[in-house]
Every structure is written in C-alpha cells, then in structure tokens.
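Hi,

Here is the structure I promised to pass on. Have a look at it first, and then read on for what turned up.

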Protein chains: 2
Amino acid sequence: MSSSKLHIFNSLNGKKEEFIPINPPYVGMYVCGPTVYSDAHLGNIRTFLTFDIVFRYLTHLGYKVRYVRNITDVGHLVDDADEGEDKIEKRARLEKTEPMEIVQKYTNGFHQTTEIFNLLPPSIEPTATGHIIEQIEMIQKIIDNGLAYIENGSVYFDVKKYAEKHNYGELSGRKIDELLEQTRDNLEGGNEKRFFADFAIWKKASESTIMKWNSPWGIGVPGWHLECSVMSTKYLGKEFDIHGGGMDLKFPHHECEIAQSVGADGIAPVKYWMHGNMLTVNGAKMSKSLGNSFLPNELINGDHPLLEKGYSPMTIRFFFLQAHYRSTVDFSNEALQASEKGHHRLMKAIENINNIKTSPSSSVKVDELVEKCNQSMNDDFNTPVTIANLFEGVKMINLLNENKQTISDADLTKLKSHFHHYVFNILGLKHESENNNNDLVDNLMNVIIDIRKNSKDKKDYATADFIRDELNKIHISIKDSHEGSTWTYEN
Amino acid sequence: MSSSKLHIFNSLNGKKEEFIPINPPYVGMYVCGPTVYSDAHLGNIRTFLTFDIVFRYLTHLGYKVRYVRNITDVGHLVDDADEGEDKIEKRARLEKTEPMEIVQKYTNGFHQTTEIFNLLPPSIEPTATGHIIEQIEMIQKIIDNGLAYIENGSVYFDVKKYAEKHNYGELSGRKIDELLEQTRDNLEGGNEKRFFADFAIWKKASESTIMKWNSPWGIGVPGWHLECSVMSTKYLGKEFDIHGGGMDLKFPHHECEIAQSVGADGIAPVKYWMHGNMLTVNGAKMSKSLGNSFLPNELINGDHPLLEKGYSPMTIRFFFLQAHYRSTVDFSNEALQASEKGHHRLMKAIENINNIKTSPSSSVKVDELVEKCNQSMNDDFNTPVTIANLFEGVKMINLLNENKQTISDADLTKLKSHFHHYVFNILGLKHESENNNNDLVDNLMNVIIDIRKNSKDKKDYATADFIRDELNKIHISIKDSHEGSTWTYEN
C-alpha cells in the first residue's frame, strides 16, 4: 500500500478531496449508462472506461465496490426539455419494429463493445422499465413533500419551490435567478410547466405511445432524470459514495437527480460527483454533422475517411488512458499511431521481464517505482502520469536486460508482480490475443525461412525444396527474391 | 422452396400439424428462459438450441419471427409448489451479496454460454422484475373474472373453479379428479390453498424478503408461472404461434400459463406448443446427486471424471443436432468422439467444394439433395435426418473430387449455396476459428521437426542446434525422445 491516500476531484465543490467511503470497506458507485437506441459512440466508451478504471483501482485498494450502471430503455425524449418522442420509440418506428426489440438489439451491441474494450461488467445493470413501480413511489413522495405539481396527467418537479429551501444549481453552478429569467423567454403559451427549469418526473402518454404504464396520475411514462435517482437509491441506499457520468450530464440530468433525492428523502445522495471530459477530432468537436464522428467499429476497422488505418481496441484503450479523464482527448492518426507503439513497447517490456537475470543485490529502486505509480493513481486516478511512471519501469527492464543494472530475486519478483498488476488489472490492458497467435506464426515462419536460407547458402537444395513442398501442403507459398523470401497463407 | 410444407408436432394434441401462422408473414415465438441463480446446465442449452433451430428455420422459410425468451430474475421459489425461498435470494445469501448482483452475474454467464454455442440472441429478452405492473394488472383481471381468491395477502388461482368451464390438464394430460384426490393427501393444515392444484399468482412477502413490491393485496412477489403469461401477451399478443420449453415445464408451468391467459382474457394463448426432451449420461438420468452432471465449461474443457477429453462447442452442437429434439440424448465419450469426426468431415467437405471441377452436364442430382433436406426439416425440424441427407452430399462432393461424377456450373453453384446455407445458417454450425490458427501452428511445428530430424539423420548437427536455439528464442522448447520430438510453448 502507498503512503499517499486516494484523492478524488469532486465536481460538487471543484476540489480534490481525500476519499473516505461512507461505509468502508463497501463502496457504492453509480454511473449513468447508455440510452439503447443506437450504437454506443466513442464518447460513451471513454466515459465508461474512466469508471472502469475507478472500479478497478478501488477494488485494487481493497474496497468491496458495488458498481451500478443503468440501461435507459424508456423515458429519454428526443428533446431533453421533456418534449418530443421517446428516442427508442422513434428508432423502433424507423426500423419498423417494436421498441423492446430496439432495446435488445442495442443492449447486445453495447455489451459486445464494452467487452471488446475490456471494460468489466458492472455489479448490477438495472433498466428503467424494470423500475416503474419504484419510480411511481418516488414521485408520490415528492408530491407528498409539496415539491411537485400535477398538470393534465403529467407531474412536474417544482424547482422554484425546491430552491426556497435548497441549493438548486449546486452541482452545475447554474443560478436560479438566471433560470428564472429564461422562463420568460422560453415558456411558450400552453406549456404545462410553471417555471423554465421545472422538469417532468411523470409524463402523460399520447395515444400512439407504445411504452406506457398506469399510475395514480393516469397512463404515462416516468421522466428521464427519475430512473437514476430511483435505481441508485434502491441498490446503493439514500446516500452513496460516487456518482459518475459524462460532463454533458451535469446539467440538467445530475442537478435534477440531486433535487429528486433531496425532494423525496431530504438527503443529498452523493458524496463524490465525478465527470469525464469530451472527445475532439483533429482539434474539432466530434459531431455527426461535421462528418468527423466515428463509431468504435469504424475506428477498429479504419473504415472512415479521416482514419489512415484501423487501430486495435487495446491501442484505443491505451490512447484514452494517456489523457487524464478530466482533460479533453483529441483523436488524430499521429496520436493513435504513437499509442500503438507505446502499447506495444509496454507489452514487449512485460515479456522481457522474463529474460532478466538476478544478482545478489539491486542497483535499481523497485519500491520507488511502485510508490510513484500508487501516488499518481491516488492523485485523482491520473493514468497518464501512471503510464509515464510505468515507462520508467520499461527503461529499467531494458537496462537490466542489457546488464547495465542489477536486481535481486526479491526485487525482480516485486517488479514482475507490479507490472502485471498495474498493466493488466488496474489499467485493464491486455495482449491482443489474436495477434499473439499471429505473432507466433510469424516467428515460426521466420525460423523456417532462416533454415531454408542456410540450406541454400550451403547448396543443400534438397532441404530447401523439402521445406517449400511441405509448406505448400499446408497452403503456405514461399516467394524468393533478391531481398529475401516472403510467404503467403491461403486458408 | 420445397414442395413439402412445415409440420410441427403440437404437444397440445400429440399430432404433427401443418404450420399455419396466425398472422403471416409474422410469427410469434415464446420460449421459457433460464432462472439466473446458477450456471446454465446442458439441459437448458439443449432446449435453447432446439428453439434456435426453429428460429433459424422459420426465418429461412421467409417468416418474420419475433422470438421472445425471458429471464426469470424473481419469483421462482426453491420448492415449485409455492413454498420456500426465492432461488435467487437463496443464492444471494450464500454468495453474501444482493439478489440483483446474482441476476447480473448469471445473466452475463448465460449470455456468454449461448454465444459459445452460436445460439442467436432472441428478439426480446424481458425480465420478470421488469413487468411487475403488468403482472399486477393480470392478477386483477383474473380476480375480476372470479378465478382467483385472496388469502392472507397472497392471491391463488382457483383451479377447481376454472375447471368447471375449462379443460385444466389439457396440455399435460393431468386429470382434475386425480388432482382433487391429491388434495386430501397433500394439503396440510394451515395451507392457504383450497385445492392441491391451486397455485400462487401473488405471494405475500416475508419480512426478510429483499425483492418485493407493493400491490393492491399488500407487499409481495408475483407467482412464477405468471411472468410468462404476462410477457408473452405483452410482446406477442393474446394469441401467438409457438410456445416452447423443456418437457419438465409442461406441468405445472405451461398448464398454469394456459389457465392464467384463459382466466384473464378468455383466449387460449398458444397455437403450437413444443417441448424438448431430456439428457442422459451413459444411459442414466443426468443429476447432480449421481455425480454424472456436468456444466458446459466442463464438457468443453474435459474437466470431469466421466469425460475422456474436452469437446469443442461445435462438436457439442453437432452432437445435439444428431438427435431429434423430441428424443432423449445420451452423452458418452464414444458418441461425442463420433460427432467430433462427423463435424470435421462436414467442414472438410465444405472446403472441398472449392476444388470441384465442372463439366458441361451433371451426373449428380443436386435438386434432389436440396429437396430431401427441406423435407426432413419440414418434418418437425428433423435435424438428424437432415444431417444424414447432408452426408449424402458429402459423398457426392468426394466423388466429384475424384472425378467419378460430373457437375455443371449451375449445379455446383447450387450445391455450394445449399451447403453453406444449411450448415452455417440453418444448423448454425461454424468452423472452429481458434483451432484453425492452432492447427497452423501445429502444422508449422511439424514441418520444423521434420527438417530437424532430416538434419540429424544427415548428421548435420549445426542445423539441428540452430533450429533448437531459434525456437528457444520464441519460447518453444523441443524435447527429443526415442519416439520422436515433442514441443511446448510458454507464452
């Protein structure tokens, strides 16, 4: 264990604070998951990777983490301001199918994508449709506390009333007066809301809506912000340790979550709020309309005009981790290619640890290296500094292999375990297993080509021909040229 | 398309009937999914494979199939007769965690297993906890129709009352008089049921129960049989085409499903009931207490005293398909090894189609082969006969490659497409891709070992040593003995 202690940047007050769980060794963490109406985009993946690292590191520190990441399968409207169709129903109409088929399709796709990037599954992955009763019950509590009003079959959270006693805007820094100002500009005639910042916690369903439920206020759908309050409370309690999400969710989504929980139970729900930053491409915001947005699969296959080639999932994971989660990340071919090399060097170093020979004493300082990695992770999960620290370890490994430094048995064991632990368990990187097998085939072919070259040099043409014929039998053809021999395999 | 028409054995009347969907080209199919409190066992896998074939074949016939397979995540009690703890809660207590963590863990595991066996994901995979409101609404309908009674916070389906007008026992063949007889023997004092065959549709929750909900009858949990009626109705309508499951679910589960649907909506819900048969091992029933039950992973890894070795997922899939779904299947090493060879021969034949040379005319009858495959599948999805028909095709392919028969261009295209379609799309078999690469490594190592043996025979020890050293560098060690050389690779 490190002498330093974990500190987390808390979005609630903008400060790095020592992490002290409410009920150690248990830690509760809630992260807003995807709305499953389309393929997960890279911004989502970066957010989930951030909290994958938090999950892994807290587990490494010995905490028993219950990690809840929801699936939004109803209630997220096309227009975030409580208007327009449900995103999933809209997609179902486009794909001429039933909303729950859309949910199934994109949930499956999301799971495949998280697996490709080696994101650990959360402990619980609850769905909005799976918690309608609980949502109705929370709405009732908020109404009973006088903080919501019913209007034509919908229920709205009364932000102005709430703000009389509580600090609405605490998380996002929005001022209630400014929001009040916007009311005059934005609330058109006929709008059911009394105040611009009010938000639906229950929305009356139209005739054509497919996903809808009975409630004390008529047939409708829970508001989008509500599910997260309900599911975090149900599985983590009224007060829990960490709530994470992308920066774009800070307002209104997370601000409303606080208001709902305080409005229902009188308790601020979250001790540490964490927000991940956004992605850019060649310096510009990633956006579909700018044509510079790509999906995970396009990035992996290199199937986009802006991409010179495909990058493996582990290259992309390494690339993301080279930036701190609170910084923006800029995609460029140069940066991705540098990450590819970096990831490869790191993996190579781990293999090379096995070739190190030990001495009676150490000239290298392994404890110091371990301590530095712990310190950087304890500093608000600073993965780029941690990776830089690991690369000092890579230098160490190379010097040891060149016999320019010495290491004792005990220190070598420590170095090996430190690298394995940090690279595989905490950063969640891995060998690209497919490549591994391909590497082995490449290596074997290099051995065979060398043998064949030696035979030809010795004018042992019988052996050279034997090799060519045997390879032909297993569908490998050898082509000789002045520069040497190349080979192709046809399955 | 075949001149024959699809016929399905309908468990409801014990007859093979022509398949005529209620609303073509749409087909609704509901299959009872797993209760996610432990790893899926092989019997489950066989059942889901059966309906994977049904799903694939109906799709092949041009139907637009909505395939619903549920996840039971609450309500399935340890004792099927409405007593004892919830299976998932019991497991949660054993694993010292929260029920929904158990649900998550075993749902993830189940998905991994179905993927390994190449089972297509269903169109919708709804959960019991996701449909509590709908279940409460169906209970209310049944009560309103006078077919359920409330007793101490629980609601029971009144089978005797139902049987006055409807045929309870229609599916399973149970006689209401015999069930009545059992009432005297089995209903102890204090039991809330009026009649032995009555079943809970809402069960009052005890203080210690974790998963429970408010209802008009107090805090409780829906009865296990109810979820399937509710979810099939919600996603497929009050009347749908096919309902499938294992034979052990016929009574009471499916019998109760019919009673619930008829009791709520007055309509028999299912046109074709299909039931898959059971597994045995070396002739005996597979059972944990007999020590002859193994999990999918144990079968794949060969990690069980009864298994001589591991069998690949595609070998196991092929093995299952060699029996008709209404027959029992007996596991034995001999049978699995025969399937391994059979699967390999089939895959090899598909590769060999590419080597066939065409002639101006055909001596083989491709149309006849295609027709025979369609006929056997149309005969209640008879996969073993279909596989036998495909092996006639394998013979055809081999004779063509030996130039003992002739085939025209057009027929060859047809043959190729028929094999691809039947083997990959309908039977859902595939090449074992991992083995493929391992095979290549094996083949290359055989070439290298042969070269080295030749060198040693020629007393060219320099080459033999060169080979050994080069292999060592890439972590392969060669071991020589009187029987020849073996090698090991350490990554």
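Is helix 10 (residues 313-321) of chain B mostly covered or mostly exposed, and how many of its nine residues are buried? This is a predicted model, and in it helix 10 of chain B is mostly covered, with eight of its nine residues buried. The buried ones are B:M314, B:T315, B:I316, B:R317, B:F318, B:F319, B:F320 and B:L321.

Now to chain A. It has 16 helices and 17 strands, and its C-alpha atoms fill a box of roughly 95 × 55 × 35 Å along the principal axes. Of the 491 residues in chain A, 44% are buried. Among contacts in chain A with a separation of 6 or more, 72% join residues 24 or more positions apart.

Chain A is divided into three parts: domain 1 (19-276), domain 2 (280-426) and domain 3 (437-489). Between domain 2 and domain 3 of chain A, the C-alpha centres lie 35 Å apart.

The mean pLDDT of chain A is 92, and 96% of its residues reach 70 or more. For the complex, the predictor gives an ipTM of 0.83 and a pTM of 0.86.

Best wishes

Key
Residues numbered from 1 in each chain as written. Chains lettered and ligands numbered in written order. Predicted model: local features only at pLDDT ≥ 70, side-chain atom pairs only at ≥ 80, totals over all residues. Helix = DSSP H or I, 4+ residues; strand = E, 2+ residues; numbered from the N terminus. Buried ≥ 20, exposed ≤ 12 C-beta atoms within 10 Å, placed from the backbone. Contact = placed C-beta atoms within 7 Å. pLDDT = per-residue confidence, 0-100. Domains from an automatic or database assignment.
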